[in-house]
Amino acid sequence: ERLAAASLHDAVRLGCDLLRSEEEEEAALVHLCHRAPTDKKPEAAGWYREQGNREFKRGQYQAALRLYSKVASHELPGSPEVSVCFANRSAALLHLGHFEVCLEDIARAESHGYPDRLLPKVLLRKAECLLRLERLKDAQEILRVLESKISLDGVMTTHLARLKKLSQLKVKLGEKERCPEPAREARGGIQGEPEIWEENNNISGASSSVSLSFDAERGRHLVASRDIVPGQSLVKEEAFVSVLCPGESLPLQHGDTAWDTGATNADLYCHHCLRQLLASVPCRGCSYAKYCSQDCADMAWQQYHSTECSLGALLLTLGVFCHVALRTVLLAGFAEVSRLVAWSHHGDKNLQSPEGRCNALSEAPDAGAGSRGIPGCGSNGRYQSSYQALFHLLPHTEQHSPEHKFLCTLSVVAICKKLQAAGLEAAVLNQESPQQRSKPKTCEKTSDELSPELMTVAEAMLRHVLQLQCNAQAITVMQELGPGDGAVVDKKPVRLATAFFPVLSLLNHSCCPNTSVSFSGTAATVRASQPISSGQEVLHCYGPHWCRMKVAERQQLLSQYFFECRCQACLEELESGVKSVVSIRNSFCCPKCQAQMQGEEDTLCCSNEACATSASRDHLSGRLQDLQQQIKKALDLLRVGKADQAIKMLLKCQMDAGTFLSPEHLLMGEMEDHLAQVYATLGKWQEAASHLKKSIEIVEMHHGPSSVETGHELFKLAQILFNGFAVSEALSTIQRAEGILSVHFGPQSAQIQELQEMKACLSQLPRNILQRT
């Protein structure tokens with residue numbers, strides 16, 4: 001009851017009183033943290049090494065690579081085992097053809113004191129990489145060093161195999177020098193047309209084609225200041241803060257083990273820049289944080305990880321929103337945090353209503369005449385992607401449920417108490433350098449009372465946790481399903497990180513948006529997905545899309561944002577009472593005459609009056625669940641190489657589905673897509689293309705011919721037609737896929753590059769072949 005009406009300041013004080021050491025809540029939290037350990041365990045490193053060696057011997061180099069990375073994360077810094085780990089990983093990288101990264105791991109092994117007796121093996125690997133990269137002089141130098149090392153070794157027999165390999169490399173090197181390959185163009189992919197971009201003078205990271213507006217109903221929002229065409233970039237913004245979501249485990253190998261051999265987002269992406277990892281650089285203090293380079297590791301340590309490192313288990317336990325809140329205040333710096341928190345004590349009451357926000361702005365920090373009364377703008381009237389803009393995002397303090405505020409408050413207080421107990425308070429207040437924080441501190445304070453400075457930090461963090469419910473942006477990536485080594489690569493969007501984007505947060509929601517958002521690392525790009533006329537609002541979809549769910553479901557999901565959606569799609573469905581296309585297309589059909597079943601109650605009736613068949617909704621829903629389980633089993637068969645059995649099961653599922661599902665049901669399209677995948681695995685390209693075309697028809701019905709979903713399906717069809725040598729059809733499909741995907745992801749995206757490479761390859765075929773196909 002007290003929390004329901006409490007301000008952020010009072011909520012933190014109440015949280016401090018509730019969460020005291022030696023009491024039940026504190027003990028429960030400690031118990032939960034034991035389930036998410038982030039400390040280094042040499043025994044885990046030994047176990048992962050055994051698993052990695054086993055996979056390496058089986059020729060499973062990708063699995064070995066990831067397991068060796070887990071070894072590196074658990075080895076103690078400076079231990080001789082670390083150098084051996086990097087050397088082992090370099091061997092897997094060599095087999096996978098990643099020669100540059102292999103050389104990096106060899107350098108790491110050498111810098112960590114790799115044993116001299118094992119050095120010839122690593123030097124030989126280094127020479128082979130240099131040879132493959134055509135760095136002939138460097139390769140010759142390494143071979144000379146290697147020969148001298150082997151000749152100095154008295155026990156020559158131990159090096160006989162290496163001597164044989166050395167002589168083979170020398171022969172290859174001689175051949176390369178005698179017959180140099182013709183100079184090749186630097187391979188950087190086929191470059192698309194550069195995008196025209198003129199930055200807005202008043203909004204950082206926004207195009208000059210948009211302007212910032214504010215009114216009581218819609219708050220801050222972007223409108224088109226001129227006519228905008230599909231595919232045009234409107235916002236390019238680097239996240240103010242982003243935190244990697246640990247992600248679900250993707251099992252690499254079979255068998256349950258004491259330690260997890262699965263690969264999650266935490267193993268696959270850099271914890272700082274979010275780029276995909278190949279050979280991770282581990283944090284020196286914990287087993288959780290992994291980076292794509294030493295530069296990223298150093299930058300993360302300097303900016304925030306020196307404080308977060310020893311809190312890893314607590315942050316994983318409390319969740320990504322709490323982690324984002326902590327990292328936000330660390331990046332902002334205590335001076336800026338305390339300045340804005342102090343201002344909020346007299347400004348917060350006004351900020352709860354749109355009208356009040358307008359009145360409060362004259363007192364806002366840095367508010368000047370140029371700001372035109374819009375929250376978050378600086379004294380120059382410019383809206384920056386800054387902490388000030390982020391701070392002005394609404395926390396909706398009075399609208400959150402007391403239960404939610406209770407959990408958020410306890411979580412924030414728990415983090416701040418841990419910071420104080422671990423002696424990290426000075427680090428949070430920016431009173432010591434990252435070099436002074438090179439080692440976790442021992443407990444310095446055990447008081448239940450937080451210092452005034454940490455109370456301020458806790459209040460800012462609570463504000464940010466509450467803001468995230470309405471303003472968190474999920475950074476998504478297209479992640480490959482399966483090993484990704486097939487001719488046709490299937491991908492799905494995966495939530496990679498949670499972030500604050502102050503400029504992107506200006507976009508209001510619509511269930512039928514006119515923009516599309518894509519991500520590259522920690523950067524977001526907003527593009528127009530359809531024409532936007534001058535004066536029209538620029539709109540973004542927060543998740544519930546009119547193509548994917550009915551209006552009642554959308555309104556329910558949008559309730560977390562504390563507004564009622566009045567977009568065109570919602571108004572049409574609510575006011576006209578017309579049944580949504582989602583309901584019609586994903587409906588059950590009559591088992592007798594295949595007409596649509598209808599009705600809102602438990603019993604559905606055939607829409608064909610002459611038939612008048614009825615059926616239980618629960619019975620049909622049960623059949624649908626059984627069907628989905630059978631499809632899952634079929635895909636499991638495909639994963640273990642039993643493609644023929646998978647086809648039989650999918651065809652049976654298709655026949656069963658036809659007796660009670662609408663022909664336009666999304667699941668019908670998914671089954672066609674799965675059948676295309678199986679036939680492609682068998683190299684039966686014509687059959688694969690036939691099934692995928694049927695899938696595309698259904699996807700187009702649901703999502704539209706220019707949707708990103710249709711673009712992804714056309715991309716897969718282009719791959720199938722390319723592999724099946726159906727040249728003219730492949731070229732026309734590539735052109736259509738390119739047109740759609742470039743609107744949503746831009747001309748420089750990986751998929752566009754691949755489509756252009758396929759097109760260039762097909763276009764270079766002799767004319768007589770092109771005419772025949």
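**View 1. The contact between helices H25 and H26 in the predicted model.** In this predicted model, the side of H25 that meets its partner is made up of Ala-643, Ala-646, Ile-647, Leu-650, Leu-651, Cys-653, Gln-654 and Ala-657, and these residues face Met-668, Met-671, Glu-672, His-674, Leu-675, Val-678 and Tyr-679 of H26. Sorted by class, the contact of H25 with H26 comprises twelve nonpolar residues, two polar ones and one charged one. Helix H25 spans residues 643–657 and helix H26 spans residues 666–681, and the two pack at an angle of about 160 degrees with their axes 10 Å apart. Because angles over 145 degrees count as roughly antiparallel, H25 is described as roughly antiparallel to H26. The crossing of H25 and H26 is left-handed.

**View 2. The contact between helices H28 and H30.** Two packed helices are described by the angle between their axes and the distance between the axes. For helix H28 (residues 708–723) and helix H30 (residues 750–763), the angle is about 30 degrees and the axes lie 11 Å apart. Since angles under 35 degrees count as roughly parallel, H28 is described as roughly parallel to H30, and H28 passes H30 in a left-handed crossing. On the H28 side the contact involves His-712, Phe-715, Ala-718, Gln-719 and Phe-722, while H30 contributes Gln-751, Glu-754, Leu-755, Met-758, Cys-761 and Leu-762. The residues of this contact divide into seven nonpolar, three polar and one charged.

**View 3. The largest nonpolar core and a second, separate one.** The largest nonpolar core has 108 residues, and the members that touch the most other members are Leu-222, Leu-326, Tyr-387, Ile-415, Val-457 and Met-461. Helix H20 (residues 452–471) gives the most to this core, with ten residues. Leaving aside residues up to four places away in sequence, Val-457 touches Val-329, Phe-334, Cys-416, Val-428 and Leu-429.

**View 4. Ser-614 and the residues it touches.** Ser-614 belongs to strand S15, which covers residues 614–616. Its relative accessibility is 46%, so Ser-614 counts as partly exposed. When residues up to four places away in sequence are not counted, Ser-614 touches Met-597, Thr-603, Leu-604 and Cys-605. Although Ser-614 and Met-597 are 17 residues apart along the chain, their C-alpha atoms are separated by 8.1 Å.

**View 5. Glu-134 and Leu-274, each with a positive phi.** Glu-134 is not a glycine, yet its phi is positive, at about 65 degrees. This residue is found in the loop between helix H8 (119–132) and helix H9 (136–152), and with a relative accessibility of 37% Glu-134 counts as partly exposed. Leu-274, likewise not a glycine, has a positive phi of about 70 degrees. The place of Leu-274 is in the loop between helix H11 (265–268) and strand S5 (281–282). Because its relative accessible area is 4%, Leu-274 counts as buried.

View 6. Among contacts between residues at least 6 apart in sequence, 64% join residues at least 24 apart.

Note on methods. Residues numbered from 1 in each chain as written. Predicted model: local features only at pLDDT ≥ 70, side-chain atom pairs only at ≥ 80, totals over all residues. Heavy atoms only, no water. Axes fitted to C-alpha atoms, helices over the stretch in contact; angles between N-to-C directions. Helix = DSSP H or I, 4+ residues; strand = E, 2+ residues; numbered from the N terminus. Parallel < 35°, antiparallel > 145°, perpendicular 65-115°, else oblique. Left-handed = near helix turned anticlockwise from the far one by under 90°. Contact = heavy atoms within 4.5 Å. Nonpolar A, V, L, I, M, F, W, Y, C, P; charged D, E, K, R; others polar. Core = buried A, V, L, I, M, F, W, Y, C linked by side-chain atoms within 4.5 Å. Buried < 20%, exposed > 50% of the residue type's maximum accessible area, 1.4 Å probe, protein only.
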